[in-house]
Amino acid sequence: MQSGNHAHARRVEESVRRWSAHSATRVIRPEDVRVAISWRRSLINHSLDPGRSGIEIVLDEAHLRRRRERLGELYPIAEAEMENLYRHITGSGYSVLLTDAEGYILNRLGDPGLEEDFERAGLWPGADWSESTVGTNGIGTCIAESRAVTIHRDEHFLSRNTNLSCSAAPIRDPHGRLLAVLDVSSAHADDTRESQLHTIALVRTSARIIESIYFLNSFRDQFILRFHERASMVDLPHAGMLAIDGEGGILAINDSAREQFGIQCSEAAINTPVEEFFGITGTSLHEQASIQSDILWRIRDVRSGKQVFASLRRPLVKNPAGAVSQSVAGSPLFGECGEAGELTLDLMARNADPKVVQSVRCARRVMDRNVPIVLCGETGTGKEVLARAIHNASLRQRHPFVAVNCASIPESLIESELFGYRHGAFTGAKREGMRGKVLESSGGTLFLDEIGDMPPELQTRLLRVLEQKEVLPLGSEAPVPVELNVISATHRQLPRLVQDGIFREDLYYRLNGITLSLPALREREDKDRVIRAALAAESGGNEEVAIDEAAFQRLLHYPWPGNVRQLRNCLRTALALCDGGIIRLRDLPQDILEADIPPASGTTADALDPTVHNPAEASTSTAGSPLEAAEKDTLLRELQQHRWNITRTAASLGVSRNTLYRKLNKYGIDTGH
Ligand SMILES: Nc1ncnc2c1ncn2[C@@H]1O[C@H](COP(=O)(O)OP(=O)(O)OP(=O)(O)O)[C@@H](O)[C@H]1O
């Protein structure tokens, strides 16, 4: 076995060498080409050793739960379909697995008698099967190439995985972004590669079923047009689907519709009138829905001239009496984003505040032109969300997005975190060394958050890496080339820090090809839309949920020092507290009820609900403006509530510890730490 492993490792290295020498023409089958390309990525881009042994770190239950929660409604849908798929393969020695878009296994369904085998193979909830961690494999390669793949036995990169056979298919959201991977694997596959054709077909069908249900759920409040050339297929997962708004504009399109229209990406259809594809107007859609929404009718694809059969589902909206702000399920702003806020640039800009629209417009212009971007805005305004959206819209989208918070890594660790180290670089160093975030991001995007808090020595090292385009890991003599694209973010005024000599001027100019700003929530012209969308996101698109006018007005006029992050935390809590799915004033946090809100905006709303606290009695602050007074009071109250524990107070406010310290400094609050 040992010598078999060595032989496999040699074969992988030899194959990659041949490929590097451009002898690719010898490879005949398309799957061989794919495997050879993936081996090359594993060996060269990810610097993995095919002979490596040992099992990677497995996520603990809390992290695993968080990752499952991030999938929101998709997770229970996928779980149900996993059971369905497992019924087809029970007793075959195969397991069904679900991973997130980063390759972490979230769930496994399989024969209980085989659990040990799967655990030994590392196919276990919490394990990381991304290509950058374990090289070529079904899950990781499906993610890297964003398409269904089978990786059979010795096509795996690591010698230790050559007993496995894995067939995996991507699960995408209605905007084409990868959300998860469905996989069927065997830990001891003795069958041929050809026998996997059946397996991959099953996995693809199940992935499509999950996508279709998720699509329909995400757009409960919109028209859904389903179509196919064959009438019998219109209600099946293979049908094309369009989500269409009341005016006939296309909001989302599924894979099958893209294939039927022959378009590559959703952006080519989104925001386009459905008339351009089917010659039917928004008005005729309304008529069709009211007259015969359950009946199939024939329409013509105006581009190809082909006839298709179509059915139309009307919006399934309910509006609870007295409530103002629902039917925002699948809202364009927040609808499908998880905690990490995986929004597209399109969605961020649609009907948004003019400053946001302008920032998105500039981002689009520069994102593929090697221009480094600085994002500035207060904490919680969505700088990381925007950075991810830029990455996902750029040509680098298939490569990693690696985020580093320069303020939260201890100074002693930040160097190795960023630049990595070689085996034996220092006491306590991992045996296999570490690549470091800069190299991990190569070809993708390195997101440097809180850049203004980067220590001076590190600024010098980062500048060198940016200039020389290579990294020298700690303890190493050989620099490693890196393809670096940086997006930085800060809540601080970088030019001011440069002036004060805290931030290197040369680094500032290297990082700042363009500065894009995100407005504070209290300044946003689309604040009401943001609140409704956040509510829809936090309620998981539940149409029964609503907010009454008084509570809505209070949210509208509260100054939101923690911005969108604080808003989402507030709504999450209010939803947990409210009765009958309707948020009222009494369900809002104390600090929001007691904040000093300008009379013109707050009082009418308060008069509607006798349970509201009197803002006049609330403020005890000595801080300058009413806004600052409210902020200081909030800080003091939260600190008291959490017995002056900084970590818990920061978590409750939804801000970072650093931000909290900054605020305490600003108001001269001494915590005794
Ligand atoms: N446009 C948005 N759409 C959806 N969610 C958003 C948006 N902007 C912010 N959020 C939410 O607010 C939270 C904070 O966003 P993000 O981390 O991007 O802010 P930030 O400006 O980078 O904050 P910090 O400066 O504290 O790091 C996210 O977890 C996300 O849930």
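Which residues does isoleucine 171 touch, not counting residues up to four places away in sequence? In this predicted model, the residues touched by isoleucine 171 are Ala78, Leu179, Ala180, Val181, Leu182, Ala207, Ile210 and Glu211.

**Isoleucine 171**

Isoleucine 171 belongs to strand β4, which covers residues 165–172. A residue is buried if 20 or more other C-beta atoms lie within 10 Å of its own. Isoleucine 171 has 25 other C-beta atoms within 10 Å and is therefore buried. Leucine 98 lies 73 residues from isoleucine 171 along the chain, yet the C-alpha atoms of these two residues are separated by 9.8 Å.

**The protein chain**

The protein chain contains 28 helices and 19 strands. It has 673 residues, of which 47% count as buried. Among contacts between residues at least 6 apart in sequence, 67% join residues at least 24 apart.

Strands of a sheet pair through backbone hydrogen bonds, either parallel or antiparallel.

Leucine 225 stands opposite leucine 242, a residue of β7.

| Strand | Residues |
|---|---|
| β4 | residues 165–172 |

**A pair of packed helices**

Two packed helices are described by the angle between their axes and the distance between the axes. Helix α20 (residues 527–538) packs with helix α21 (residues 549–557) at an angle of about 120°, and their axes are 10 Å apart. Because of this angle, α20 is oblique to α21. The crossing of the two helices is right-handed.

Which residues make the contact of α20 and α21? Helix α20 contributes Lys527, Asp528 and Ile531, while helix α21 contributes Phe552, Leu555 and Leu556. Of the residues in this contact, four are nonpolar, two are charged and none is polar.

Note on methods. Residues numbered from 1 in each chain as written. Predicted model: local features only at pLDDT ≥ 70, side-chain atom pairs only at ≥ 80, totals over all residues. Axes fitted to C-alpha atoms, helices over the stretch in contact; angles between N-to-C directions. Helix = DSSP H or I, 4+ residues; strand = E, 2+ residues; numbered from the N terminus. Parallel < 35°, antiparallel > 145°, perpendicular 65-115°, else oblique. Left-handed = near helix turned anticlockwise from the far one by under 90°. Contact = placed C-beta atoms within 7 Å. Nonpolar A, V, L, I, M, F, W, Y, C, P; charged D, E, K, R; others polar. Buried ≥ 20, exposed ≤ 12 C-beta atoms within 10 Å, placed from the backbone. Pairing = 2+ DSSP bridges.
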